[in-house]
Amino acid sequence: MKPTLVILAAGMGSRYGGLKQIDAIGSNGEAIIDFTMYDAIKAGFKKIVLIIRKEHEELFEENLIKAIRPYVEVEYAYQDLHDIPEGIEVPLDRQKPWGTTHALLACRHIVKDDPFVICNADDFYGQDAFSQVYDFLTSSEDEHEYCMCGYKLANTLSENGTVTRGFCETKNGYLSNIKEVMQIKKTGDGAAYLENEKWVDCDPNTTVSMNYWGFKPSIFKDLAALFAKELPEGIKNNPLKYEALLPNDVGTLVKEGKCQVKVLTSKDSWFGVTYKDDKPKVQKQIAAFKAAGRYPEKLWGDK
């Protein structure tokens with residue numbers, strides 16, 4: 001068994017104003033994804049799969065992957081708008097792929113036999129999260145028992161705009177419900193989200209998903225069936241913008257009794273770059289980690 005790191009890196013960074021997955025954050029030109037890969041390798045992961053758009057492969061290879069190939073096995077999977085079930089047509093003028101569930105399914109032919117962790121390319125999760133999920137994946141024997149790493153909502157908000165988070169409910173340490181909530185903003189003493197054109201206050205201590213999941217290959221069959229079932233209705237209701245969101249779909253599988261998801265909590269803080277103005281804060285945090293010896297000055301040598 002060889003646990004694999006799968007990274008969702010096919011986004012276009014519209015709010016960020018560019019391809020933030022490869023934007024330099026660290027003092028030696030590292031992007032956030034470099035620290036994700038470094039932490040995963042340190043925790044024991046032996047293989048990395050990046051889910052990207054085919055047209056970005058050269059950029060990823062030159063700016064990120066070339067430097068780490070001496071340290072770990074790396075493969076690409078491609079999220080393709082036309083990779084959908086037979087009998088379903090892509091709507092005219094549709095440009096964007098079909099969301100994070102669709103992105104995960106792009107690696108179904110590569111990650112076939114081993115458990116894996118999947119996470120976002122532009123989020124910093126911390127070494128503790130990778131160690132915890134690696135231990136779970138190498139010890140859990142139930143092929144339908146998965147895990148997620150949760151973070152406190154207040155620690156995941158941006159000072160520079162709204163964000164999307166998966167609000168979680170738990171029971172006896174396992175996920176009982178999850179809902180993807182969009183347009184969440186930081187308020188003076190808490191948080192609020194926009195619903196039906198009204199701002200609704202929410203608990204800043206709510207456990208949220210940051211798309212950090214520990215899965216086993218059994219997830220592909222169930223997600224593929226759910227995607228095929230829901231896609232026609234999604235296209236009918238919103239042909240140009242419908243997306244199958246991984247947190248919502250995992251929540252559906254939990255409600256249907258097809259899996260259980262253990263909720264882990266990391267002692268590390270999450271941070272990320274949703275907006276360009278988030279970058280200076282992240283740079284400062286990365287510099288502090290290096291100064292404290294948490295990371296070497298050069299992760300992979302000269303990039």
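A: A nonpolar core is a set of buried Ala, Val, Leu, Ile, Met, Phe, Trp, Tyr and Cys residues joined through side-chain atoms within 4.5 Å; buried means under 20% relative accessible area, exposed over 50%, and partly exposed in between, with a 1.4 Å probe and protein chains only. The model is predicted, so local features need pLDDT of at least 70 and side-chain atom pairs pLDDT 80 or more, while totals for chains, interfaces and linings use all residues. Residues are numbered from 1 along each chain as its sequence is written, and side-chain values use heavy atoms, without hydrogens or water.

Helix α1 covers residues 32-43; helices (H or I, at least four residues) and strands (E, at least two) are DSSP runs numbered from the N terminus. From the first C-alpha to the last, the twelve residues of α1 reach 17 Å, close to the expected 16 Å, the expected span being 1.5 Å times one less than the number of residues. Ten of these twelve residues are buried, so α1 is largely enclosed by the rest of the structure. The buried residues are Ile32, Ile33, Asp34, Phe35, Thr36, Met37, Tyr38, Asp39, Ala40 and Ala43. Just after the helix, Gly44 takes a positive phi of about 125 degrees.

Phe130 brings several of these names together. Contact means heavy atoms within 4.5 Å. Leaving aside neighbours within four places in sequence, Phe130 is in contact with Thr36, Asp39, Ala40 and Ala43, and also with Leu5, Phe45, Val117, Cys119, Tyr125 and Tyr212.

Strand β11 spans residues 207-215 and holds Asn211. This asparagine is buried, with a relative accessible area of 9%, and has a positive phi of about 60 degrees although it is not a glycine. Asn196 also has a positive phi, of about 55 degrees, without being a glycine. Asn196 sits in the loop between β9 (191-195) and β10 (198-202), and its relative accessibility of 70% makes it count as exposed.

β11 is also one of the elements against which the buried residues of α6 pack; the others are α3 (100-105), β4 (116-120), β8 (174-186), α5 (218-237) and β12. Helix α6, residues 246-255, is mostly covered, with seven of its ten residues buried. These seven are Leu246, Pro247, Asp249, Val250, Gly251, Leu253 and Val254. After α6 comes Gly257, whose phi is positive, near 75 degrees.

Strand β12, residues 260-265, contains Leu264, which is buried at 9% relative accessible area. Leu264 lies 131 residues from Val133 in sequence, yet the two are 8.1 Å apart in space, C-alpha to C-alpha. When neighbours within four places in sequence are set aside, Leu264 is in contact with Val133, Gln132, Cys147, Met148, Cys149 and Gly150.
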